[in-house]
Amino acid sequence: MKDMNLTLKIWRQKGANDKGKMIDYQVAGISEHMSFLEMMDVLNEQLINSGDSPVAFDHDCREGICGSCSMFINGEAHGPVKGTTTCQLHMRSFKDGDTIYIEPFRAKAFPVLKDLVVDRSSFDRIQRSGGFISVNTSGNTQDANALPIPKQDADLAMDAAACIGCGACVATCKNSSAMLFVGAKISQYALLPQGQVESKTRAQNMVAQMDAEGFGNCTNTGACEVECPKGIDLSNIARMNREFLGGSLKG
Amino acid sequence: MSVISADLFNNVSHFMGTNPVVQGLLQPILIFSVVFHFVWGMYLEYQNTQAREVKYAMYKGSANATWMSRNMIISGLAVLAFLCLHFYDFWIPEINVKYIQGDMSGKLPNGDYRYHEELVHKFAGQPIRVSLYVLSFVMLSLHLLHGFQSSFQSVGFNNSKYTPIIKKLGNIFAIAVPAGFVVVALVHFFAH
């Protein structure tokens, strides 16, 4: 395929207090083999050479592992390819002459810091409120493998732990709900004996923090599951609901 | 039932309309549940709209979720509007006759039961009302197509074996029950 010429409509916002707006850019000579972020690098080089400010965006590993990249591309979190982060999205998914909308992940709990960079520290605060197990690490800690765990539970816990906390679930949910993220973080402990010790309070504390951050409510549209780059499924939200209701009844 | 037998409909209507358990216990529970459902639903919808202050320039909701799941507030408000019409048509006159005028007989001056005749009177030769009823039950069907199976997920029931069955049963329920009410309105409109 010959190189592509594209029109990019990108959200530009100078800072957290700036109003921000969509601005059009033209990029030429984009190879289908480039990743989406490499295409953004080409644009930024073009902007810097012309004396403009480059587009700020989050990225780190560029291997689909870290969860840093967070673009909302053509109306979908991480773009049109399922099970893929923005950094693993390639330009072969687009064609010459396309117009591509690029926006930050939007939610009140994810305030925009600059351009496409959002503050996702609300996820960190939710994690700190209960996403851990309390173990004495004085040197007498029991070997984790000493506890036999059913294979199915271990597999489900590992599936839940695959969540990279990118925030695509929040970005794509029409309600900006964080329940898939919180459900995954609760599930990875709820399924293991080490995590069940604090299960009564974990869901209560994490849900309370999630609500305090201003995320919306889950109406089970299932959009989060479809757009999650790591395939976290809705059963994790159901497990969170069970843990929460169970904790509520225990008082 | 009103389509099958006028007598059966009259007898069941009179039983339910005068039974103290139905009238004094089940009816208040039903009214409270419905009011709680739509008030709480609208409050949650308000919270959800507040959770995203700046909207996307492009948002492909249809790429990852059904229309029904994304528009429960629209189908819900349509059903609520229908409930207002239904109360105006049936419930308020019923309360008036029974508890204000004090007539618990359920009879017309000629001695026949009034329930079936009142029902037919509402639909026969009333194309606008019948159209509104049909449209409302289509909206109810859309509401239930998502709402039935969603309610199980909300209380934490998600099982690889039983959830697909619940979804199928939910779809049957969401289509069959509203369709039954549509049939009642259409039969009495065309038959009289």
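**Exercise 1. Find what percentage of the residues in chain A is buried.**

Step 1. Chain A has 251 residues, and 53% of them are buried.

Ground rules: this is a predicted model, where local features need pLDDT of at least 70, side-chain atom pairs count only at pLDDT 80 or more, and totals for chains, interfaces and linings use all residues. Residues are numbered from 1 along each chain as its sequence is written, chains are lettered from A in the order in which they are written, and side-chain values use heavy atoms, without hydrogens and water.

**Exercise 2. State how many residues each chain brings to the contact between chain B and chain A.**

Step 1. Contact means heavy atoms within 4.5 Å.
Step 2. Chain A brings 39 residues and chain B brings 28 residues.
Step 3. Sort the side of chain B that touches chain A by class: 11 residues are nonpolar (Ala, Val, Leu, Ile, Met, Phe, Trp, Tyr, Cys and Pro), 6 are charged (Asp, Glu, Lys and Arg) and 11 are polar (the others, Gly among them).

**Exercise 3. Identify the salt bridge across the interface of chain B and chain A.**

Step 1. Look for a side-chain nitrogen of Lys or Arg within 4 Å of a carboxyl oxygen of Asp or Glu.
Step 2. The rule finds 1 salt bridge across this interface.
Step 3. Name the partners: A:Lys174 pairs with B:Glu45. Their closest N and O atoms are 3.9 Å apart.

Methods. Buried < 20%, exposed > 50% of the residue type's maximum accessible area, 1.4 Å probe, protein only.
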